[in-house]
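Reader: I would like to go through this model by question and answer. Please give the cut-offs of each term when it comes up.

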Amino acid sequence: MSDAPASGLGDLDSQDDLTPADGLTRRKFLLGGAVLAGVATAGAFGAGGLLGAPPAAAAAPPGMEGLPAFVPGTKLTQDQMRISFMGTCFLPRIAQQCNSVFVELGNGDSFVFDFGSGVSSKYVAMGVQYSRMTRVFLTHLHGDHMSDLITLYCFGPSMDRKTPLHIYGPSSDAGDEGTNAFCNDLYSLCKWHREAFSFLPTGLKGHGDGYDIVPHELPYMESGIAYQANGVTIRHFPAIHDRDGSISYRLEWKGLSMVFSGDTKPSTYMTRHARGVDVLIHEMVVPATVWATKNSGGLKPGDTGYRAALKTAKKVQESSHTPEDALGYILSKTRPRLGIATHFQVNDDTVGPAAKAVRSWYGGPFAIAVDGLVVTVTHSSMKAEFVDLDRFAWYPKPKFYPSAMLKPPKYDGPLAQLNDRLLRHVIPEKDYTKRG
Ligand SMILES: [Zn+2]
Ligand SMILES: [Zn+2]
């Protein structure tokens with residue numbers, strides 16, 4: 001932890017290269033925080049059917065070209081904390097899925113913060129097994145922060161997560177809205193899937209079942225410890241977002257620290273709890289005028305519907321989010337070694353104005369995240385890399401459990417849950433297996 005911005009970022013640009021707003025190149029002011037322009041070449045269907053070659057890899061986003069390439073699966077050294085951005089937007093888009101950040105520590109621990117739609121595929125491409133995703137810390141229960149949990153819950157136990165899924169998240173004044181209720185509902189919602197897959201071993205003897213969910217509901221109005229083990233402490237503190245029941249987190253380990261805001265209006269909770277943190281990951285929203293145009297198919301002032309779109313955008317900002325200049329203000333108060341904006345649509349025409357607004361308050365190291373940004377931190381270094389994830393990746397090498405450790409499956413075999421009338425209609429293998 002430090003109480004002043006670092007002078008540089010390891011092998012990245014020095015802080016001097018990261019100032020000021022006017023006359024900057026994107027590369028210099030954003031640490032590669034990023035504009036998506038690369039377009040993949042489409043695969044092709046030929047006359048004879050699907051041609052074999054997969055599409056070419058997407059080009060690196062402009063602003064990220066200069067960053068070193070991160071190689072998924074790279075092992076951490078014992079003094080490192082690594083933060084991987086798996087989802088960085090509130091509406092899913094191809095280059096930016098909904099929100100999730102994966103934090104790995106040199107002691108072998110790993111933690112998931114939020115799990116919005118689309119991010120499961122990013123974790124697979126990053127080589128992260130379900131067995132390393134057993135603790136999920138939700139900032140709040142908006143869909144863009146929890147909507148891929150069905151995938152994580154349902155498929156973990158049939159792969160290599162054979163222990164319960166721990167879900168941390170805020171309480172609510174309404175008893176049926178908080179994390180306990182959410183976990184109960186998730187469990188109920190997935191019953192058919194759970195039963196259907198229970199012809200496979202889904203648990204370890206003496207360790208519960210992979211299909212168990214253990215909720216950890218945290219009082220949203222309080223600051224306190226959410227998790228503490230193995231030298232890691234994760235604290236929660238209130239966020240101000242839409243409706244009572246949102247929180248932010250601060251992780252600390254071996255003197256290194258990270259704050260993840262989730263969604264919040266600018267608040268003194270943040271300026272207090274994030275002060276001096278190593279990496280502050282904070283949401284940021286485009287101005288209402290940009291929102292109104294971009295999220296309405298390009299409506300401009302004077303067009304029918306523009307005023308209504310602007311009104312909606314202003315309501316969203318008023319209830320929910322942190323404007324660009326407010327993030328600059330927060331960074332100037334907290335002075336992290338690195339500030340990273342997320343929950344932000346990265347485009348050629350959004351990052352420049354955003355960075356300028358942030359820079360009006362703050363000249364320290366700052367980046368805007370896209371999916372695939374990886375930041376590795378030690379006490380003496382801060383390194384940012386980018387990975388152009390393999391869009392055709394398969395599941396990484398799973399954790400292996402000897403069969404003696406596994407609980408026997410609930411159902412005897414793959415056909416045990418199918419009734420005789422259905423089974424009579426199964427075409428026998430010998431009928432479609434070619435002879436000779
Ligand atoms: Zn959100
Ligand atoms: Zn939200």
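Reader: Which residue in S6 does Phe113 stand opposite?

Author: This is a predicted model, in which local features need pLDDT of at least 70, side-chain atom pairs count only at pLDDT 80 or more, and totals for chains, interfaces and linings use all residues. Residues are numbered from 1 along each chain as its sequence is written, while chains are lettered from A and ligands numbered from 1 in the order in which they are written. S5 and strand S6 (residues 135-137) pair in the parallel sense over 2 bridges; strands (E, at least two residues) and helices (H or I, at least four) are DSSP runs numbered from the N terminus, and two strands pair if DSSP finds at least two bridges between them. Within S6, the residue opposite Phe113 is Phe137.

Reader: Which residue in S5 is the bridge partner of Val103?

Author: Strand S4 (residues 100-105) and strand S5 (residues 110-113) pair in the antiparallel sense over 4 bridges. Their hairpin has 4 residues between the strands, and Gly108 there takes a positive phi near 100°. In S5, Val103 has as its bridge partner Phe111.

Reader: Why is one side of S8 and of S17 left without a neighbour in the sheet?

Author: The sheet is open and mixed in its pairing, with 8 strands in the order S8-S7-S6-S5-S4-S3-S16-S17. S8 and strand S17 (382-386) stand at the edges, so one side of each lacks a neighbour because each has a single partner strand.

Reader: What angle does the direction of H5 make with that of S8?

Author: S7 and S8 pair in the parallel sense over 6 bridges, and Gly169 has Glu217 in S8 as its bridge partner. H5 packs on the sheet, touching S7 and S8; residues are in contact if their C-beta atoms, placed from the backbone, lie within 7 Å. Axes are lines fitted to C-alpha atoms, for helices over the stretch in contact, and angles run from 0 to 180 degrees between N-to-C directions. The direction of H5 against that of S8 makes about 160°.

Reader: How wide an arc do the buried residues of H5 cover around the axis?

Author: The buried residues of helix H5 (residues 179-189) are Thr179, Phe182 and Cys183. A residue is buried if 20 or more other C-beta atoms lie within 10 Å of its own, exposed if 12 or fewer, and partly exposed in between, with C-beta atoms placed from the backbone. These residues lie on the same side of H5, because the arc, taken from the directions from the helix axis to the C-beta atoms, is only 95°.

Reader: Which exposed residues does the opposite face of H5 carry?

Author: The buried residues of H5 are covered by elements including strand S7 (165-170) and strand S8 (213-218). The face turned away from the buried side carries Asp185 and Ser188.

Reader: Which residue in S15 stands opposite Gly339?

Author: Strand S14 (residues 338-342) and S15 pair in the parallel sense over 3 bridges. In S15, the residue opposite Gly339 is Phe366.

Reader: Which residue takes a positive phi just after H10?

Author: The buried residues of H10 are Glu324, Leu327, Gly328, Ile330, Leu331 and Thr334. They are on the same side of H10 because they cover an arc of only 165° around the axis. Among the elements that cover them are helix H7 (268-273) and H11. Just after the helix, a positive phi of about 50° is taken by Arg335.

Key: Two residues are in contact if their C-beta atoms, placed from the backbone, lie within 7 Å.
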